[in-house]
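Student: Hey, could you walk me through this protein? I'm new to it.

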Amino acid sequence: QPLPLPPNPDRLRYSASSPAAPPPRNKTDTNNNNTNNNNNTNNNDNNNTNDAKRKASTIKWPPARSRGQRKPVGLVAPSASQAFRRVSKKNAEAGVWMLAKLDVIGKRRRMMLAEEGVGLASLKKALDDEQIMWACINVKAVDLHADMACVAQKLVQINWIGNSVDTMPKRMNALQGALQGKGMATQLFRGVAASIDCNKKEDLTGEMVRKLSSASGSDRPTYFDFGAGQKIHVSYVY
């Protein structure tokens, strides 16, 4: 007869009679372990949430600037934002405009609403030769055809520096404020078709027509409506 095979060491290692074998596990122990694991996970999530709330309550606002970080440009008054919404809405009247200026209190600068109106002529009167101001006007570009007229809305930003600003005692401070105010005005006047730097009222009309015509490319309109009955044909500058 053949000799019996020696016992398999792996079977002995995992057999129920082996002292090294783990105790048998039933379904109740498995469920209890899963429940404990879920409770631990929930506790960790709650601790993380509490830590986040605690950190958020200790954060200071506005946050401190780190070294090398640029200073904030400034603030825009709610009245100026509301005025721009009236100027830029789709059904706005032709030639409606707003005028803003920079209000400086200590080291704080704020863009304030100065005046509102309709018509390019009234805008020119509102521009002060002794101040730095920013304006936005709604211009209608009208393209006439045989049986219809196409009207497109164009917003124009005007960066105004009066002639008397160059002779002011604090000219450098005024020009520095003009640069900061121009950045604030660019943030306020969104979606403009043209931006004009001007210091002479008599050059404003021709420069606006020239910039708007260049922005239109080959599809130039017939004329521009600046409101209050003032309509200027493109041939005015060409």
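Student: Which way do strands S5 and S6 run, and how many bridges join them?
Tutor: Strand S5 (residues 149–161) and S6 run parallel, with 5 bridges between them. Strands here are DSSP runs of E, at least two residues, and helices are runs of H or I, at least four, numbered from the N terminus. Two strands pair if DSSP finds at least two bridges between them. This is a predicted model, where local features need pLDDT of at least 70, side-chain atom pairs count only at pLDDT 80 or more, and totals for chains, interfaces and linings use all residues. Residues are numbered from 1 along each chain as its sequence is written, and side-chain values use heavy atoms, leaving out hydrogens and water.

Student: What's the bridge partner of Trp-160 in S6?
Tutor: That's Cys-198. Cys-198 sits on the covered face of S6 (residues 194–198), along with Ala-194 and Ile-196.

Student: And which residues are on the uncovered face?
Tutor: Ser-195 and Asp-197. In a regular strand, side chains alternate between the two faces of the sheet.

Student: New topic: is Ser-216 buried or exposed?
Tutor: Ser-216 is buried, because its relative accessible area is 18%. Buried means under 20%, exposed over 50%, and partly exposed in between (1.4 Å probe, protein chains only).

Student: Where does Ser-216 lie?
Tutor: In helix H6, which covers residues 204–216.

Student: How many helices and strands does the protein have?
Tutor: There are 6 helices and 8 strands. Of the 238 residues, 29% are buried.
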